[in-house]
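Hi,

Here is the model I said I'd pass on.

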Amino acid sequence: MEIGISSACFYPDINLEDSIKLMKSLGFNRGEIFFNCPSEFTEEFTEILLEESKKHEFFINSVHAFSSFFEPYIFDSYKRRKKDMIKYFKQVCKAGKALGAKSYTFHGIRKIDNIFLNKKHIIDTYDELIYISEEIGIKLAQENVSWCMSSDLDFLKELQEKCRYPISFTLDIKQAYRAGVAPESYIDIMGNQIINLHLNDKDDKSSCLLPGRGNVNFKNLFKKLKDVEYNGIGILEVYKNNFLKGEELIDSSKYLTEIQ
């Protein structure tokens, strides 16, 4: 498995367009672009990112968005609000497609009590979003997120069983542990529909560390992923306060490569 990196590792110190050169200089050839604000997934800004990625020969595997301001409201029952939020969704899909990304890492609806869920409305909305993304040419990859409905294994099962169109997934290690769920349990549900992978380590004090600095059993994790025939890349996604120097990211990438 090739190890890539997310531009989110450098937020908020490095502008998104400058992060591409930085990631390449650290020896990463592939990764995920995180749009930090709406202006960064406009058509004009996407052209800047595309130019940078071509210049530095950095392949954009997936895109992620500052999603909390619009993704949860895509599922709103107020039709006008939903319609407006889907416009942002389409912009992210189009930006990702223009950048050559295979998938859009999607958070989706916030965690709410099941008695308030209109499940038919949610499934119908997912069908609409999957159709929109596929039509544009990029896959919606539902991420397991601790503060979203997607942290719930039964919710993910329901998406698989009831959505009209096949749904894909991003497996995120830190979000699994934050939800109190072993990553392997998500793999059991997501199976061969995992198309993107976020990697980090953790210990008893911190849910996010550089791989190699915690107690995650990556050998077992990678074996489990091989069992479901995952053939994508592993994206190093940590926070800026998890490292001081770029060399630490390089060392972490080497650790993940050697442990496979």
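This is a predicted model: local features need pLDDT of at least 70, side-chain atom pairs count only at pLDDT 80 or more; totals for chains, interfaces and linings use all residues.

Arg 213 and Glu 248 form a salt bridge through their side chains, with N and O 2.6 Å apart (by salt bridge I mean a side-chain nitrogen of Lys or Arg within 4 Å of a carboxyl oxygen of Asp or Glu). Arg 213 sits in the loop between strand S7 (194-199) and helix H8 (218-227), while Glu 248 belongs to helix H9 (residues 246-259), so the pair ties together parts 35 residues apart in sequence. Helices (H or I, at least four residues) and strands (E, at least two) are DSSP runs, numbered from the N terminus. Arg 213 is partly exposed at 46% relative accessible area, whereas Glu 248 is buried at 16%. The cut-offs there: buried is under 20% relative accessible area, exposed is over 50%, and partly exposed is in between, with a 1.4 Å probe and protein chains only.

Residues are numbered from 1 along each chain as its sequence is written, and side-chain values use heavy atoms, with hydrogens and water left out.

In total the structure has 15 salt bridges. Another one pairs Glu 158 with Lys 119, where the closest N and O atoms are 3.6 Å apart. That pair links distant parts of the chain, from Glu 158 in helix H5 (residues 153-162) to Lys 119 in helix H4 (residues 119-136), 39 residues apart. Glu 158 is buried, at 15% relative accessibility, and Lys 119 is partly exposed at 40%.

What does Glu 158 touch, leaving aside its neighbours within four places in sequence? Glu 158 is in contact (heavy atoms within 4.5 Å) with Lys 119, Ile 123 and Cys 163.

Glu 52 is buried, with 15% relative accessible area, but Lys 55 is exposed at 52%.

Cheers
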